[in-house]
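Me: I've got a model open and want to go through its ligand site and pockets. Can you take my questions as they come?

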Amino acid sequence: MTSERNRKRLVSRLMEEGIVDQRVLRAIGTVQRHRFVDEALANMAYRDTALPIGHGQTISQPLIVARMTEALLEAGPFERVLEVGTGSGYQAAVLAEITDQVLTVERIRPLYQRAGRLLRELGYHNVRLRQSDGSWGWPQLGPFERIVVTAGGSQIPAALRDQLAPGGVLVIPVGPPGRQELVRLSRQGTDWHEESLGLVSFVPLVSD
Ligand code: SAH
């Protein structure tokens, strides 16, 4: 089967799982997930499952990428988003299909380098990468309308709260490694609203 047919099947599956946002479905139907995993795993790239990407890290399950992206969009469209945990670069590419500018931070140098090369090669020139501890956000470029964290910590890093613009939304897994609650934190002026979007399983958010 061609990868395009595989992607269409994956999109149908995500619709069955309750993903409704057309922008998200179109992005997942467009981004070549098989390019973001090792060639030896490319035949599994369109299954709805997380896969290893080396250095003890994983590319997230497509359903979770879709849910998180949908959770960002539910609060309205946005022009710029900060992602913490670039990993393979897949989630960044999905976001780049939807918004004008994606900023993404990864602490592991080889992953940061590989994702940067691949995103450039695939033509995602609206993604800017940085190698650093993303628990500190990207202070020089904040505040952000949207922040998404693709690794889980025991709490929401204070710096990320601080870098959330008024009207902004932060989506982050919170809890012990492999068993976190996906939390959406919204900021309305001086009011903060926190809601749970269900259980997820992410690699740990590591602070250096
Ligand atoms: N969004 C990724 C999923 C990667 S898994 C994708 O689509 O492939 C989570 C990533 O977060 C890992 O690459 C891990 O190294 C990174 N990470 C963990 N703690 C971090 C931190 N404090 N700052 C930046 N990246 C971090």
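Me: Which element gives the largest share of the shell around the ligand?
Reply: β2 does, with three residues. This is a predicted model, so local features need pLDDT of at least 70, side-chain atom pairs count only at pLDDT 80 or more, and totals for chains, interfaces and linings use all residues. Residues are numbered from 1 along each chain as its sequence is written, and side-chain values use heavy atoms, with hydrogens and water left out.

Me: How many residues surround the ligand, and which are the closest?
Reply: 27 residues surround the ligand. The closest are Ser 88, Glu 106, Asp 133, Gly 134 and Val 206. A residue is near a molecule if one of its heavy atoms lies within 4 Å of it.

Me: What is 2.6 Å from the ligand's oxygen atom?
Reply: An N or O atom in the side chain of Glu 106 is 2.6 Å from an oxygen atom of the ligand. That is a polar contact (a pair of N or O atoms within 3.5 Å).

Me: How much of the ligand does the protein cover?
Reply: 100% of the 580 Å² of accessible area that the ligand has on its own. Areas come from the Shrake-Rupley method with a 1.4 Å probe.

Me: Back to the shell. Which elements give two or more residues?
Reply: β2 (57-59), α4 (90-96) and β4 (101-106). Helices (H or I, at least four residues) and strands (E, at least two) are DSSP runs, numbered from the N terminus.

Me: Which pocket is the ligand's space?
Reply: The largest pocket. A pocket is an open set of points on a 1 Å grid over the protein atoms alone, where a 1.4 Å probe fits, with protein on both sides within 12 Å along at least five of seven lines. Lining residues have an atom within 4 Å of a point.

Me: How much space lies in there, and what lines it?
Reply: About 470 Å³ lies in the largest pocket. Its volume is the space filled by probe spheres set on the grid points. 36 residues line it, and Thr 58, Gly 85, Thr 150, Ala 151 and Val 203 lie nearest its centre.

Me: What about the second largest pocket, how much space?
Reply: About 200 Å³. α5 (109-121) gives the most to its lining, with five residues. The lining divides into six nonpolar, one polar and five charged.

Me: New topic. Where is the cis peptide bond?
Reply: It joins Gly 142 and Pro 143, with omega about 0°. Pro 143 is in the loop between β5 (127-131) and β6 (144-149).

Me: Which residue other than glycine has a positive phi?
Reply: His 55, with phi near 60°. His 55 lies in the loop between β1 and β2.

Notes. Polar contact = N/O pair within 3.5 Å; in protein donor to acceptor, adjacent residues only side chain to side chain. Sits in = over half its atoms within 2 Å of the grid points. Nonpolar A, V, L, I, M, F, W, Y, C, P; charged D, E, K, R; others polar.
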